[in-house]
Amino acid sequence: MEKAVKLEEALELVKQLSLVDKVRLIEQVAPQIERELAMIQPKMRKSLRGLWRGSNISESDISEIREQMWANFPRKDV
């Protein structure tokens with residue numbers, strides 16, 4: 001049974017490698033990482049298109065909210 005290596009242990013070992021060996025390590029590990037990432041199914045995102053369809057927001061509503069948001073800016077206590 002193989003012992004799992006912790007990240008910290010692996011990093012300590014990598015630090016001991018020569019620059020050339022570090023590059024070789026990256027060349028060998030990168031394709032494996034790419035394969036593993038390709039296997040992960042991306043979550044389907046719900047489209048936000050039409051999110052506000054049917055809402056009756058007017059320019060005056062937007063202006064009113066904007067005034068409320070900026071009413072206390074800049075604050076004196078900060």
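User: Where is the place of Leu-17?
Analyst: Leu-17 sits in the loop between α1 and α2. As a caveat for everything that follows, this is a predicted model.

User: Is Leu-17 buried, partly exposed or exposed?
Analyst: Leu-17 counts as partly exposed, at 31% relative accessibility.

User: Which residues make the nonpolar surface patch?
Analyst: Leu-17, Leu-25, Val-29, Ile-33, Leu-37 and Ile-40 make the patch, and its area is about 490 Å².

User: Turning to the charged residues, how many salt bridges does the structure hold?
Analyst: There are 2 salt bridges in the structure. One joins the side chains of Glu-12 and Lys-15, at 3.5 Å from N to O. Another is formed by Arg-24 with Asp-21, where the closest N and O atoms are 3.2 Å apart.

User: Where do Glu-12 and Lys-15 lie relative to one another?
Analyst: Both belong to helix α1, which covers residues 7-15. Glu-12 and Lys-15 are 3 residues apart there, so about one helical turn separates them. In general, side chains of opposite charge can pair when their charged atoms come close.

User: And which helix holds Arg-24 and Asp-21?
Analyst: Arg-24 and Asp-21 lie in helix α2, residues 19-39. Their spacing is 3 residues, about one turn of the helix.

User: What is the relative accessibility of Lys-15, and does that make it buried or exposed?
Analyst: Lys-15 has 59% relative accessibility and counts as exposed.

User: What about the relative accessible area of Arg-24?
Analyst: The value for Arg-24 is 46%, which is partly exposed. Asp-21 is also partly exposed, with a relative accessible area of 31%.

User: Let us step back to the whole chain. How many helices and strands does the secondary structure come to?
Analyst: The protein chain has 3 helices and 0 strands. Read from the N terminus, the order of the elements is α-α-α.

User: What is the radius of gyration, and how does it stand against the globule rule?
Analyst: The radius of gyration is 27 Å, whereas the globule rule gives 12 Å for 78 residues. The former is well over the latter, so the chain is more spread out than a compact globule. Along the principal axes, the C-alpha trace spans about 65 × 40 × 30 Å.

User: What share of the residues count as buried?
Analyst: Of the 78 residues in the protein chain, 0% count as buried. The cut-off here is a relative accessible area under 20%.

User: How much accessible surface does the chain have?
Analyst: The accessible surface comes to about 8,700 Å². Carbon and sulfur atoms account for 59% of that surface.

User: How many positive and negative side chains are there?
Analyst: The protein chain carries 14 positive and 13 negative side chains. The centres of the two sets lie 3 Å apart.

User: How far apart are the C-alpha atoms of Arg-66 and Asp-77?
Analyst: The C-alpha atoms of Arg-66 and Asp-77 are separated by 21 Å. Along the chain, these two residues are 11 residues apart.

User: One last point: is the peptide bond from Phe-73 to Pro-74 cis or trans?
Analyst: The bond from Phe-73 to Pro-74 is cis, with omega near -10°. Pro-74 itself is found in the segment after α3.

Key
Residues numbered from 1 in each chain as written. Predicted model: local features only at pLDDT ≥ 70, side-chain atom pairs only at ≥ 80, totals over all residues. Heavy atoms only, no water. Salt bridge = Lys/Arg side-chain N within 4 Å of Asp/Glu carboxyl O. Helix = DSSP H or I, 4+ residues; strand = E, 2+ residues; numbered from the N terminus. Buried < 20%, exposed > 50% of the residue type's maximum accessible area, 1.4 Å probe, protein only. Patch = residues over 30% accessible without salt bridge, like charges linked within 9 Å, V, L, I, M, F, W, Y side chains within 5 Å. Areas by Shrake-Rupley, 256 points an atom, 1.4 Å probe, with all protein chains shown as cover. Rg over C-alpha atoms; globule rule 2.2 N^0.38 Å. Lys, Arg positive; Asp, Glu negative; His and termini not counted. Charge placed at Lys NZ, Arg CZ, Asp CG, Glu CD.
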